[in-house]
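Colleague: Could you take me closely through the surface of this model, and tell me what you find there?

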Amino acid sequence: MSHRGPDDSGYVFVGDTTIEAFDYDTVPSARRGIHVDEVGHGWISALASRRLAILDTSHMGHQPMSNEDRTIWVVHNGEIYNFEELRRGLKGHEFSCDCDTEVIVHGYEEWGIAGLLSKLRGMWAFILLDVKKGLLYAVRDLVGIKPLYMFNSHNGIVLTSEVKALLPITKLRPNVDAVRKYITYTALEPHETFFEGVSKVPPSTYLEIDLKSLGMRRVKYWDVPSRIVDEKYGEAIRLWRDTFLESVRIHLRSDVPFAFLLSGGLDSASLIAAWHTLRNRGDLERWGKTNAPLAYAFCSGDEKDECRYADAIASEYGIELVKVRDINVGDAVREIAYYHDEPPGGPSVIAQWHVIREASRNVKVLISGQGGDEVLAGYQRYVYRYILSEIKRNPIHGVVELLRFLDVLLQKREWLFFSRKIGRTQGRNRGMGVADPVNALLVRDLMGDGLQRLLHYADRDGMAFSVEVRVPYLDRALIELALSLPGYYKLARGWTKRIHRDAMKGILIDLIRKRRDKVGFEVPEKEWLLAIRPQINYNDVQAVLSKLGVPGPIIDVLSNLWNKADKLKGPEANLLWRAIFLYYWYLHYFAHNS
């Protein structure tokens, strides 16, 4: 797990008394405890941490972290972006460092677990141990930006950020049902993993565990807002602009260098434009106050390459652009299968992997536009939903809107028909009781399998290279505001992300603000497929698929696709990629058991 936290490590064991052990390389001698190998038996719980130091990089940010009398302990992966504001409300508590984790400890003391979680803005997976009450809390953030897994072993409960940490504890087995869902484009449940007996703590959920009985209570601590506020559109634009800029401002809090992931599209460009505005206002803090960040972009060199837009953005806002072109497909696929703990949904993750690897040479924090589509209705399916609802409400207006959106609707048609053909689902819940049809779809996607996968890719690609990926569009305040506004504020008059485009007027250049085409994160998958195919014996792939319970007819289809890989594109090529990722995932985790 050292890739997730190369800067420090620590552990604490709790039984009748508390025993500590600290990393010997980074903690001053006065604070060192005994080594973990010397702890022995008799403890009922243990916390362990690997730290990636971002805020207060000194040893004072060491974890596990405790309160003054050492009765509350926490290990935390992620960032609490509003920690400075929360500290000001925690009068009477003693703070020993300038990092965000300490507000979890003292916030719990002051407000309890429910009160604390109602105030946090950020991304988190943390374990909090209350020694006096004999309770342990395992908490995951609102939409699942940070991972948290649970495994019930024969002698207790194990919670971890990555499944591979369970390898010394148990013999892992594949979840055949999850594999079948994956290969047939069916969404996994929020708690489901590719490993038998291993589950995810769902987003916006905490587990309360009694340390003596191991009794467990699961609590959903946050629900998306279902009430539409009565806000005039002009006022809503101002409110969205202010909230967006505030989210970017607190997401740029860092004591180490940060950079931007730049695609050339609206979402990532808006983040750089917001940074530029905040810098000119003098509103940035810490490292960003006196330093200029870099931007990193993947450039494929084909007709869908967006680097010309990335160049325009970098030039407009005075930011240096680093272009990533050289891709080693074979090595990346093998490494991704290991670091991700599960097979990804397609080859675009290979490009992100290389971009983050290049960025890791210079920075420890990357700012990403992930989540903009799910918050602002950026995908085709939102347009379909909006037009159908408008036709039902007012047929004439619905047809007018259909004509306005026609160019958007004609993009990526093959994916629409393919997903219908194979029965793809996007989650069982159809909108959690939200009446507005666009917002109902947003809710489904925010809490569904699609976004969970994208966040998983960002976390694993980043952590593989000890880089933290931040997603300002998934800030609590932005999500709650977006879902409290009518769907047609986000999607109308031929424009997706309508309110955001209007709010960015005068901040973001019109070349990007008024772009109508949506490219997505496109990669040359055909060329990459032809590059990796000679490195694989398909008979081995077929044998692995059979062991994983992939139905025979699908294996037959894949055999046919393998033989004509040079002619594949779109969904057929993607299906073959899924088989390849499954193969390497199996080799990493199960081949030694065969």
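Modeller: A residue is called buried under 20% relative accessible area, exposed over 50% and partly exposed in between (1.4 Å probe, protein chains only). This is a predicted model, where local features need pLDDT of at least 70 and side-chain atom pairs pLDDT 80 or more, while totals for chains, interfaces and linings use all residues. Residues are numbered from 1 along each chain as its sequence is written, and side-chain values use heavy atoms, without hydrogens or water.

Glu94 counts as exposed because its relative accessible area is 55%. Glu94 sits in the loop between helix 1 (83-88) and helix 2 (101-117) (helices are DSSP runs of H or I, at least four residues, and strands runs of E, at least two, numbered from the N terminus). Together with Glu68, Glu109 and Glu110, Glu94 makes up a negative surface patch. Asp and Glu count as negative, placed at CG and CD.

A nonpolar patch on the surface consists of Val399, Leu402, Leu403, Leu406 and Leu410, with about 430 Å² of accessible area together (Shrake-Rupley, 1.4 Å probe). Helix 12 (residues 395-404) gives this nonpolar patch its largest share, three residues. Leu410 lies in the loop between helix 13 (406-409) and helix 14 (413-421), and is partly exposed at 48%.

Elsewhere, Arg227 occupies the loop between strand 12 and helix 4 (233-251) and is exposed, at 60%.

Terms used
Patches are made of residues with over 30% relative accessible area and no salt bridge: like charges are joined within 9 Å, nonpolar side chains (Val, Leu, Ile, Met, Phe, Trp, Tyr) within 5 Å. A salt bridge is a side-chain nitrogen of Lys or Arg within 4 Å of a carboxyl oxygen of Asp or Glu.
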